[in-house]
Amino acid sequence: MSNQQPIPGSETGLLEGELGEERDAVRAGGDPALARRAAGPKRPFRFGKWFAATGWRHLVGLVVVAFALFPVVFVISSSLNPNGTLTGSNALFSQIGFDAYARILTNPQVPFTTWFANTLIIAGVTAILTVFLGALAAYAFSRMRFTGRRFGLITIVVVQMFPQMLAVVAIFLVMSAISDWFPAIGLNTHIGLIMVYLGGALGVNTYLMYGYFNTIPASIDEAAKIDGAGHARIFFTIILRLVAPILAVVALLSFIFSVNEYVVASVILIDTENQTLAVGLTKLVSNPRYADWAAFSAGAVIAALPVVLLFLYLQKYIVGGLSAGAVK
Amino acid sequence: MSTTIDEDVATGSATPPTKRQKRAARIADAASGGIRSILVKLLLLGIVDAIAVYAILVLALSQDWLVLAIVAGVTVLVNWIYFSRRTLPAKYLTPGVIFLVLFQVFVLVYTGYIAFTNYGTGHNGSKEQAVSSLMAASLERVPDSPTYRVTVVDQLGTLGLLVTDPNGDASLGTTEQPLQPVDPSEVDGGKAVAVDGWTTLQFSDVIARTNEITELAVPFSDDPNDGAIRTPDGSSGYLYTSNLEYDEAAGTMTDLSTGTVYSDIGTGAFTAEDGSEILPGWQITVGFDNFVRAVTDTRLAGPLVYVTLWTFAFALISVATTFFLGLFLAIVFNDMRMKGRRYYRVAMIIPYAIPSFLSALVWAGMMNESFGFINQVIFGGASIPWLTDPWMAKLSVIIVNLWLGFPYMFLICTGALQSIPDDVNEASSIDGASAWQTFRHIKLPLLLVSVAPLLIASFAFNFNNFNVIYMLTNGGPRDTGAPIPVGFTDILISMVYKVAFTGQNRDYGLAAAYSIIIFIVVAVISIIAFRRTKSLEEIN
């Protein structure tokens with residue numbers, strides 16, 4: 001909501017609040033006039049009026065927060081539970097200990113740290129290269145006029161409707177053919193998976209970036225050109241810095257996408273020690289012989305923490321990107 | 001945006017630049033690029049070309065001429081693009097486009113092709129590969145085989161046999177390459193022990209690689225019916241022949257022990273008269289067989305119908321529930337006087353920030369029928385079959401997807417509500433409209449205009465929302481009546497995945513045929529989306 005949210009206290013914000021309150025007061029069965037008066041300053045606190053105006057909103061808020069957070073509370077509680085079973089995790093915060101964290105990090109049968117590192121490498125490299133490839137293409141579409149430009153843009157919009165996952169069978173067969181010639185970039189390699197993800201780099205993100213590139217005035221390019229800068233220098237030293245916010249958004253969305261991606265990753269990465277968190281943890285808990293729920297919860301907390309923190313830290317940028325059509 | 005950097009490539013420039021202008025532009029361009037950037041460019045292109053040359057060599061060795069031609073063509077094109085002065089946009093587009101074409105466009109087209117083949121377990125390669133693997137699998141030692149004295153030799157990791165036949169003639173061959181006469185470089189007591197270009201394995205190496213060596217079967221000649229030389233100990237070899245006989249002219253396989261004749265009747269496997277097949281077979285195009293099978297085979301048609309219906313229902317209900325909850329919350333929290341809205345917002349975003357595969361796995365644990373938190377604590381020890389009853393599992397999937405999706409809808413609805421200009425409210429209240437009327441007849445339509453494209457995108461996303469289905473219920477409960485591993489909460493994409501990659505038999509052809517169904521639905525959705533949003537017309 002970076003740009004759209006009215007500043008609290010400003011006229012817009014107050015007006016919005018007034019009208020919203022009136023609407024809600026009507027729905028709550030109260031008299032709008034009364035409710036409006038209740039908003040005035042310096043009057044004795046009266047619960048009924050407070051409740052009709054904003055109190056019930058807090059009630060809704062509490063219910064929703066409980067719904068939103070109870071799985072989170074559950075998983076944190078069970079990760080702190082030294083007792084490993086699912087049943088033992090039901091008494092919330094009955095025991096506090098970090099045994100489960102130690103177990104998931106050191107269990108030789110479960111290469112959790114390797115999965116974590118694989119995920120960071122694959123998602124990180126994919127994010128950086130996706131941003132780079134997308135920015136190159138967006139620069140061309142935004143700043144140059146050439147035959148096939150409109151066709152190229154339309155193709156990209158159309159192609160992004162078909163996620164790669166739909167072609168997973170063909171991706172697997174193409175990658176196994178590549179394995180026959182070049183095992184180093186074929187099945188069961190991180191480079192192979194990253195290459196597949198890069199296939200989606202242009203489709204999803206170029207249009208998002210293209211819009212943002214268009215907001216940078218072209219007079220900047222012209223000034224630099226008059227000063228003798230070539231196209232590459234304009235791109236790398238001037239434009240890339242001006243569009244940094246959209247680069248951050250695309251990098252983050254791409255990162256989260258790769259962390260979450262299961263279908264292609266599970267097909268391409270065969271050996272356990274090559275897999276990502278999504279593939280490894282899913283196979284771990286679906287194995288009926290694995291009963292250490294606490295260790296899984298600890299792993300889930302460790303895995304989710306960086307993504308959640310990154311997300312909350314960059315949320316105002318992400319929300320802007322979301323409205324532009326990126327769906328997680 | 002009508003300005004261009006490089007007028008040379010402008011298609012619509014009014015007057016073509018004069019010769020002088022062109023020369024001036026060239027000089028300016030050359031002056032701007034430093035020697036360093038030229039070096040970087042040369043270095044990068046050098047690396048690309050080196051990799052390409054290596055790739056071409058590898059492809060030449062395996063004689064894949066078509067792929068080789070494509071790689072060579074692309075390499076030449078890339079070099080031309082980066083050395084020519086007239087291809088500025090292509091310099092920026094090429095890197096992304098190469099990946100896009102290979103891993104997005106080509107694979108979609110290739111999926112279409114696979115749908116018309118019998119690709120899958122038992123039908124993986126060409127007919128020649130099927131014949132040689134059938135022959136190799138049925139090799140048996142010829143009872144009165146002469147003893148061939150052999151030496152195991154190695155060339156870059158490939159094992160070969162240096163065979164000295166009873167007459168004292170030496171020949172060399174590998175699994176791929178039938179025996180051919182050679183001149184041994186060293187002969188020890190009538191037995192050839194070394195040959196130029198190959199390393200003779202020492203006794204300790206033979207012990208270390210026993211498994212590889214005993215697996216080695218060197219064809220006696222080009223005709224697979226002549227059998228192969230195998231060695232059980234690395235020093236003496238015997239002739240093994242297959243108990244299948246392949247008649248290339250008639251295209252038949254005869255089982256010598258039973259006398260059954262299997263012939264190629266165009267189904268991609270050698271088939272006997274009673275219909276029994278010997279596998280592996282080979283890959284052929286089968287026309288519309290996969291589609292016909294999916295629709296007319298009653299055991300497949302049933303699952304296809306309910307999976308398709310459920311996919312639509314799941315996507316529609318998910319969009320509707322998340323949108324209405326999100327909109328309701330956006331209205332509730334869109335009040336400037338309410339304190340602490342920021343904290344509510346952060347708490348509500350958390351489900352959206354957690355990677356969805358983790359959330360779904362945690363929910364699966366909580367919904368466990370006998371031990372889960374929901375049954376044990378919230379419902380006080382009830383045993384509600386959240387994930388094991390066909391209908392309850394559907395409900396659970398919807399609930400979990402609501403949990404995963406409502407924050408997104410809350411965020412976009414809040415944004416849309418706040419971007420509606422406030423004079424709308426003013427005008428309607430002056431005209432005497434109630435707050436509800438203002439909302440229902442003015443704000444909601446305005447909101448829908450900006451949110452509708454996102455709702456369509458959300459539908460398309462949920463249509464293929466693999467993670468929530470696969471991690472939560474794994475598509476289950478399993479439909480035991482179906483010959484493919486499909487369950488009652490499977491959506492089309494998870495069914496594609498399971499048919500192709502899980503279970504005993506991988507059926508790529510059928511899976512690709514199911515993918516085609518998704519293509520068609522997605523294409524229809526995108527046409528509707530583009531019609532509504534007119535986003536394509538905005539591209540100038």
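The C-alpha centres of domain 1 and domain 2 of chain B lie 44 Å apart. The model is predicted.

Visitor: Which residues does the domain assignment give to domain 2 of chain B?

Guide: The assignment divides chain B into domain 1, domain 2 and domain 3. Domain 1 covers 19-114 and domain 3 covers 313-485. For domain 2 the bounds are 127-278.

Visitor: Why is strand β3 of chain B largely enclosed by the rest of the structure?

Guide: A residue is buried if 20 or more other C-beta atoms lie within 10 Å of its own. Strand β3 of chain B spans residues 158-164 and has 7 residues. The strand is largely enclosed because the number of its residues that are buried is 5.

Visitor: Which residue is the bridge partner of Val153(B) in β3(B)?

Guide: Strand β2 (residues 148-155) of chain B runs antiparallel to β3(B), and 7 bridges join them. The two strands form a hairpin with 2 residues between them, and Leu156(B) in the turn has a positive phi of about 50°. Within this pairing, the partner of Val153(B) is Gly160(B).

Visitor: Which residue in β4(B) stands opposite Val163(B)?

Guide: β3(B) also pairs in the antiparallel sense with strand β4 (residues 170-173) of chain B, over 4 bridges. Their hairpin has 5 residues between the strands, and Gly168(B) takes a positive phi near 95° there. Opposite Val163(B) stands Ser171(B).

Visitor: Which strands are the edge strands of the open sheet in chain B?

Guide: The open sheet has 5 strands in the order β12-β13-β14-β15-β16, with antiparallel pairing. An edge strand here pairs on one side only. That picks out β12 (244-247) and β16 (277-278) of chain B.

Visitor: Which residue in β14(B) stands opposite Thr254(B)?

Guide: Strand β13 (residues 252-255) and strand β14 (residues 261-264) of chain B pair in the antiparallel sense over 3 bridges. Across this pairing, Thr254(B) faces Val261(B).

Visitor: At about what angle does helix α5 of chain B run to β12(B)?

Guide: Helix α5 of chain B covers residues 127-137. The helix lies across β12, β13 and β16 of chain B. Relative to β12(B), the angle is about 155°.

Visitor: Which helix gives the largest share of the side of chain B that touches chain A?

Guide: In chain B, 113 residues are in contact with 113 residues of chain A. That side of chain B divides into 77 nonpolar, 31 polar and 5 charged residues. The largest share is 18 residues, and it comes from residues 88-114 of chain B, helix α4.

Key:
Residues numbered from 1 in each chain as written. Chains lettered and ligands numbered in written order. Predicted model: local features only at pLDDT ≥ 70, side-chain atom pairs only at ≥ 80, totals over all residues. Buried ≥ 20, exposed ≤ 12 C-beta atoms within 10 Å, placed from the backbone. Pairing = 2+ DSSP bridges. Contact = placed C-beta atoms within 7 Å. Axes fitted to C-alpha atoms, helices over the stretch in contact; angles between N-to-C directions. Domains from an automatic or database assignment. Nonpolar A, V, L, I, M, F, W, Y, C, P; charged D, E, K, R; others polar.
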